Amino acid sequence: MYNPFKDKKKPGELHSSPIMRRYAGNPLLTAADMPYPATYVFNAGVIRFQDKYFIAPRVIKYNEKFETGTQFTGLGCSNDGIKFDIIPDQVRVYYHGEVLPWVNDSRLTVVDGELYLSFCFENQHSERPGIARWRNDGTTNFDAVCIGVPQQRNMIIAPCKVNGLYMRLERPSNQWHDPFHIWYSLSPDMRYWGDSELLLGCEDVPFATSKIGAGAPPVKTDRGWLLIFHAVDEDPERAVLMKNGNRMWHKRYTAGAALFDLEDPTRLIAITKQPLLVAEAPYETGDPDLWTEFTVFPCGAVLEDDQQTLRIYYGAGDANTNLAETTLDELWQVMTPCSRIAERATVPFKIEDWKDVAKYQ
């Protein structure tokens, strides 16, 4: 299928930016730190709330032969953002009186003084996204505010508003072809959403060829709303056999940053032309316990009280949770002013390529 933005060169060799400093105690969180049986602990949303750091990691538990398993989201808190006390009970998201299955890849956002969990959950009718509000009663219970339709991952409730409307970021999938992009929708009440439009195109990210997705909820800075995102490029020459032996893995997940206008969070104003983080450390790649190679996946970004230090929490290899830091002053130095290549997501197909489009109908 024709796509006018997809003809990009392979990014080639990529490295983490020198402005990023990995925490010396990484991995920050592993299965051994959980108060319940776990095999992998990764892709953890992290936020500051009520003078504490809250964390919501994705947890997977397999049997010894990796034949069967289950997954869920954990919840914990910390005074310093380093040492987390995990509640010995999994997160429960209630929807019409039922607990949603397999809630994962959660992000945490504070909106109007309340803590929200945005997530994906797996079920027999594909993956669906959702947003839930914490009961704030010392339990791990959340109540669903809205549940979306498939295929959706990386739905994130944003702390910013657009003309008084709540904003969420999302990454709908297209089963027919790449690339996937980051979109946004607006709502008066977090339940009914509309006015959907493109936020950031895969074509806008020089080191992405396959897809991009929102990572952490946007962070408010004096220069704009800062979005830490993940970017994916594919290269069959990098293929490795996945630990479960099912298929070859040749995707590379990296992390970058984009800046959006303070008054209009839908308007892109700057981006990193090179990734901030690439899987390079021993606990990020090369470890036999990693589930997927070449993968860093940011889910949390916290601007510290000094309004300079930025902490990025990320999963590595779908196996563990890690931390890296930089400062805003350093970040501004590696960001390039820009605007979106496509002003709106209304670019037409070429007439001569319609024969290729038709076969998908």
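Of the 361 residues of the chain, 55% count as buried, meaning under 20% relative accessible area with a 1.4 Å probe and protein chains only. This is a predicted model: local features need pLDDT of at least 70, side-chain atom pairs count only at pLDDT 80 or more, and totals for chains, interfaces and linings use all residues. Residues are numbered from 1 along each chain as its sequence is written, and side-chain values use heavy atoms, without hydrogens or water.

**Fold and dimensions**
- The chain holds 2 helices and 27 strands, taken as DSSP runs (H or I, at least four residues; E, at least two).
- Its radius of gyration is 19 Å, close to the 21 Å of the globule rule for 361 residues, so the chain is as compact as a globular protein of that length.
- That radius is taken over C-alpha atoms, and the rule is 2.2 Å times the number of residues to the power 0.38.
- The C-alpha trace spans about 60 × 50 × 45 Å along its principal axes.
- Among contacts (heavy atoms within 4.5 Å) with a separation of 6 or more, 57% join residues 24 or more positions apart.

**Surface**
- The accessible surface is about 16,200 Å², and carbon and sulfur atoms hold 48% of that area (Shrake-Rupley method, 1.4 Å probe).

**Cysteines**
- The whole structure has 0 disulfides, defined as pairs of cysteine sulfur atoms within 2.5 Å.
- For C146, the nearest cysteine sulfur is that of C120, 13 Å away.
- C146 is buried, at 6% relative accessible area.
- For C202, the nearest cysteine sulfur is that of C338, 14 Å away.
- C202 is buried too, at 3%.

Terms used. Buried means under 20% relative accessible area, exposed over 50%, partly exposed in between (1.4 Å probe, protein chains only).
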